[in-house]
Amino acid sequence: MLKQEINDLLTQTGPGTPMGEMFRQYWLPAMLAEELPENDCPPVRVKLLSERLIAFRDSEGRYGLMDEFCAHRGVSLWFGRNEEGGLRCSYHGWKYDVTGQAIEIPSEPDERHSALCAKIKLKSYPMVKIGGVLWAYLGDQAKTPDLPQWEFARVPAEQSFTSKRWQECNWLQALEGGIDSSHVSWLHSDGLKSDPLFKGAQGNKYNLADRKPFFEVVESEGGLMIGVRRNAEEGHYYWRITPWVMPSFTMIPPRGDHPIHGHFWIPIDDENCWVFTYDYHPTRALTETEVQHMQDGKGVHNEFVPGTFRPLQNKDNDYMMDRAAQKRGDTYSGVKGISMQDASLQESMGPIVDRTKERLVSTDSGIIMARRKLWRAVEALRDEGITPPGVDVAHQEVRSAAVVLPADQSFIEGCADALRVRPGEKHASV
Amino acid sequence: MSVPDTAARWHPTLLSSCALATTAAEARYRVNAPEFTRRSSRVIALDGESARIVRELGGRSWGGGHFLVFESAVPDDALLRHSGTEGTGTEGTGSGGTALLSEELAGADTVVMIASAGANAEAASVIGDAAAARGIMSAGLVLPGGDSVNEVVSALRPNAMVLVVLRDAADVPEVLSALRV
């Protein structure tokens, strides 16, 4: 349960809001790199943190992310021409470089041209390509943090795959699904048996045999480590440990030698978010079969309405609910696929769930602590200017883990190394 | 992906009959009934430091939770001391009075143990076992305490379905509020 004012504080991310200011401390996934595949390719409309922006890649391969609308008459620059080192408005030919600086105003006399251009600059943000993702920083340029170090984005390209999808609800309820480990044994119980990116791991047997797990939530420098333990062989527990790094990064514990996967939830506006979903393997290239499965929407990915980032299963078709499959036990909820099982339920809560009415139980402690940490960090930034956790790249060097430990060993002790990035070393997984 | 037969045959008639009814405008039609039965929580301090916090919390207004301090184990039971103040949610049990664990658990649906360095494993075991025997959800909040935290966690682990290791004791009331103690 949250008071309404705290719910508002955590869910509103537009310019000038406290949580919006906190999101603006981080490099955020803004787009997939494939959306701007070559120099002078078509520009792309991007909405992030309730700001309408235009993204483009100029003739020299530089990325631009700036106010979508021309300073002249407010025309969308999506209709513009991306050519010769800048984006030119189709209406009167005003042209901007990747920093938003006006570089041509054709209608102005030559003698006034330079002076007028110098005075016109659209709001712009830096955007860089790391891995398969374009990362943007929407904060104070004087405080630009170090570039992101997430392992999935730093391994060689052939070891990583990222997709993105539109989710039609506030970012926080989507994130909360990612750290709510207790729903997995129910909602996703079918996936452990059948999904090609999950099945076959020894750990799945522990998952399926013990549906009443115990939880341990431990605060970390960057956020939380959420450990879930189930019974394993005599005197041992099977632990699955999920890191959450502020504000919205999670990594799902691995299964066998399958790639590791996770999400970033990025606010589009207060009622929509992007879900960036990554899969990577720390020590080997993804196989063609694995990549094909990911493109086909298996694992934690999904299928799309062709040519869009909207999931094929969506509100318009009731997520293709299949009651027969539900009855047969093929799926628990009747919705197919891990990601859409989550999205369908999270979207059903409404665009921004009313947390004053919820009835949390102790197994929701991960969610409770995540909210508390966000709340604390937002206030510390607002009131004292303290940089929030997760900005420091050291906080980003985390891994999830799935291990069997002696019953008397804490996962923090037993997995101290496993929960850190170790370049060239495999992830801890059973 | 092919459209399942069931989805193809049946089309929702009203907006509120389908998943499109998740707009803010439709949210006003949600049933606005009063909160269901009040939760009945027991918050139990296991040691001196956590007792100080529980005593302070017990003086605030809560939703019906009892704030208690573990005193000692007695045969097949334990002696607890009330930390609440009359009229602030402890349902008539004045601050300083004692009760048996078995009596307190009779009407409880959640037990939250609060522990810091020095928490005794016996207390956690007695309370955890009693809660488990009655099918009551048990949780543990571990206060910050340096290197000894691991020992406290080890003591609580067998006896609490959920353990939260805190870095700031100021989070205790927020966690309890979220649980509607």
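The model is predicted. Across the interface, 35 residues of chain A are in contact with 32 residues of chain B. Strand S13 of chain A gives the largest share of the chain A side, six residues. Chain B comprises seven helices and seven strands.

- Four elements of chain A give two or more residues each to the side that touches chain B: strand S13 (214–219), helix H10 (323–328), helix H11 (338–348) and helix H12 (365–384).
- S13(A) leads with six residues, the largest share of that side.
- By class, the chain A side holds 16 nonpolar, seven polar and 12 charged residues.
- S13(A) is joined by four bridges to strand S7 (residues 162–165) of chain B, and the two run parallel.
- Within S7(B), B:Val162 stands opposite A:Phe215.

**Helix H11 of chain A**

- H11(A) is one of the elements that give two or more residues to the side touching chain B.
- This helix is mostly covered, with nine of its 11 residues buried.
- Among the buried residues of H11(A) are A:Ile338, A:Met340 and A:Ala343.
- A:Gly350 follows H11(A) and has a positive phi, near 105°.

**A three-stranded sheet in chain A**

- Three strands of chain A form an open sheet in the order S1-S11-S10, with antiparallel pairing.
- Strand S1 (27–32) and strand S10 (127–130) stand at the edges with a single partner strand each, so one side of each has no neighbour in the sheet.
- Neighbouring strands of this sheet are turned by 35° against each other on average, direction ignored.
- S10(A) pairs with strand S11 (residues 133–137) of chain A over four bridges, in the antiparallel sense.
- A:Val133 in S11(A) is the bridge partner of A:Ile130.
- In general, strands of a sheet pair through backbone hydrogen bonds, either parallel or antiparallel.

- A:Ser429 sits in the segment after helix H13 (411–414) of chain A.
- A:Ser429 counts as buried because 21 C-beta neighbours lie inside 10 Å, and the cut-off is 20 or more.
- Leaving aside neighbours within four places in sequence, A:Ser429 is in contact with A:Pro254, A:Arg255, A:Gly256 and A:Ala402.
- A:Pro254 is 175 residues from A:Ser429 in sequence, but the C-alpha atoms are 5.7 Å apart.
- A:Asn314 lies in the loop between helix H9 (288–295) and H10 of chain A.
- A:Asn314 has 24 C-beta neighbours inside 10 Å and therefore counts as buried.
- A:Asn314 and A:Ile105 are 209 residues apart in sequence and 44 Å apart in space, C-alpha to C-alpha.

**Chain B overall**

- Along the sequence, chain B follows the pattern α-α-β-α-β-β-β-α-β-α-β-α-β-α.
- Of the 181 residues in chain B, 40% are buried.
- Among chain B contacts with a separation of 6 or more, 62% come from residues 24 or more positions apart.

Notes: Residues numbered from 1 in each chain as written. Chains lettered and ligands numbered in written order. Predicted model: local features only at pLDDT ≥ 70, side-chain atom pairs only at ≥ 80, totals over all residues. Contact = placed C-beta atoms within 7 Å. Nonpolar A, V, L, I, M, F, W, Y, C, P; charged D, E, K, R; others polar. Pairing = 2+ DSSP bridges. Buried ≥ 20, exposed ≤ 12 C-beta atoms within 10 Å, placed from the backbone. Axes fitted to C-alpha atoms, helices over the stretch in contact; angles between N-to-C directions.
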